[in-house]
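Student: I have a new model open and I'd like to learn how to read it. Can we walk through it together?

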Amino acid sequence: MTKRVLAIVPAYNEEDNIISTIQDLEISAPGVDYIVIDDGSRDATPEICREREYPIASLSVNVGLAGGFQTGMKYAARMGYDYAVQFDADGQHSAAYIDQLVSAAEQSGANIVVGSRFVNRKRPFSARMVGSALITLMIRLTTGKRITDPTSGMRLFDRTMIPVFAEEPDYGPEPDTLALVMRQGAKVEEVQVEMRERIAGESYLNFTKSISYMLRMSASILFIQWFRRKK
């Protein structure tokens, strides 16, 4: 891999998953650098990282995914990386797909590449997937483009997007911001990936929170994004 690629691994209370996640990166994507963003974990996540000498930036308080992601993007911008990959610490993402994301960006000229579960696979039926389909529709209505897996947390950003997401305070790793930058001219592509079940622990998005999240994202894409400041 000729380009310099950084995997940003936001981690909050992932002591049961962080070792296997980093092992996957080191084995399946040996040419990719990584940094763990410890988002104020209350468990042994930061101690494990330091004991194993994983590159880590620890935040003193829990600021949430957006703040942890932006910390990683600031690091990527400062160190001059060509690509930054958002990579979950819970073991659901496979590092073997990172090279495909980079190849897709280089071949298509995409600014963002989404690791999608549904490029050539049918979306299963569930309340969460219905919400995901609703977000896909909202993005289509506001940008004219179809993103099959807008809630995927595995995304690659090129060197033009890294400083934008590093500096803009309201540019989080969420579908509404994806729709916003698409409207501003960013090219977004998708690559088919497979995702695993979380290895240990539970997602913070339970059923109620999932429904609330989907409705909030849909409202933001359809209405609020039109009033957000353009970069």
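Student: Let's start inside. Which residues have the most contacts within the largest nonpolar core?

Tutor: First, the general idea: in soluble globular proteins, nonpolar side chains tend to be buried together. Keep in mind that this is a predicted model. Here the largest nonpolar core has 33 residues, and those with the most contacts inside it are Met-73, Ile-112, Ile-139, Phe-157, Phe-165, Leu-178 and Val-188. Among the elements that give two or more residues to this core are β1 (5-11), β5 (112-116), α5 (127-143) and α7 (175-183). The most comes from α7, with five residues.

Student: What does Leu-178 touch, leaving aside its neighbours within four places in sequence?

Tutor: Ile-112, Val-114, Ile-147 and Val-188 are in contact with Leu-178. There's also a second, separate core of 31 residues, which includes Tyr-54, Ile-98, Ala-104 and Val-191.

Student: Which residues form a nonpolar patch on the surface?

Tutor: Look for Leu-134, Leu-137, Leu-141, Ile-211, Leu-215, Leu-222, Phe-223 and Ile-224, which together have about 710 Å² of accessible area. Two elements, α5 and α8, each give two or more residues to the patch. Leu-134, in helix α5, is partly exposed at 32% relative accessible area.

Student: And charges: how many salt bridges are there?

Tutor: Side chains of opposite charge can pair when their charged atoms come close. The count here is five salt bridges. One of them joins Asp-24 and Arg-196, with the closest N and O atoms 3.3 Å apart. Asp-24 sits in helix α1 and Arg-196 in the loop between β7 and α8, 172 residues apart.

Student: Is Asp-24 buried or exposed?

Tutor: Buried, because its relative accessibility is 14% and the cut-off is under 20%. Arg-196 counts as partly exposed at 39%.

Student: What about Arg-159 and Asp-82?

Tutor: Their side chains meet in a salt bridge at 2.5 Å, N to O. Arg-159 lies in the loop between β6 and α6 and Asp-82 in the loop between α3 and β4, so the pair ties together parts 77 residues apart in sequence.

Notes
Residues are numbered from 1 along each chain as its sequence is written. This is a predicted model: local features need pLDDT of at least 70, side-chain atom pairs count only at pLDDT 80 or more; totals for chains, interfaces and linings use all residues. Side-chain values use heavy atoms; hydrogens and water are left out. A nonpolar core is a set of buried Ala, Val, Leu, Ile, Met, Phe, Trp, Tyr and Cys residues joined through side-chain atoms within 4.5 Å. Buried means under 20% relative accessible area, exposed over 50%, partly exposed in between (1.4 Å probe, protein chains only). Helices (H or I, at least four residues) and strands (E, at least two) are DSSP runs, numbered from the N terminus. Contact means heavy atoms within 4.5 Å. Patches are made of residues with over 30% relative accessible area and no salt bridge: like charges are joined within 9 Å, nonpolar side chains (Val, Leu, Ile, Met, Phe, Trp, Tyr) within 5 Å. Accessible areas come from the Shrake-Rupley method with a 1.4 Å probe; for residues, only the protein chains shown count as cover. A salt bridge is a side-chain nitrogen of Lys or Arg within 4 Å of a carboxyl oxygen of Asp or Glu.
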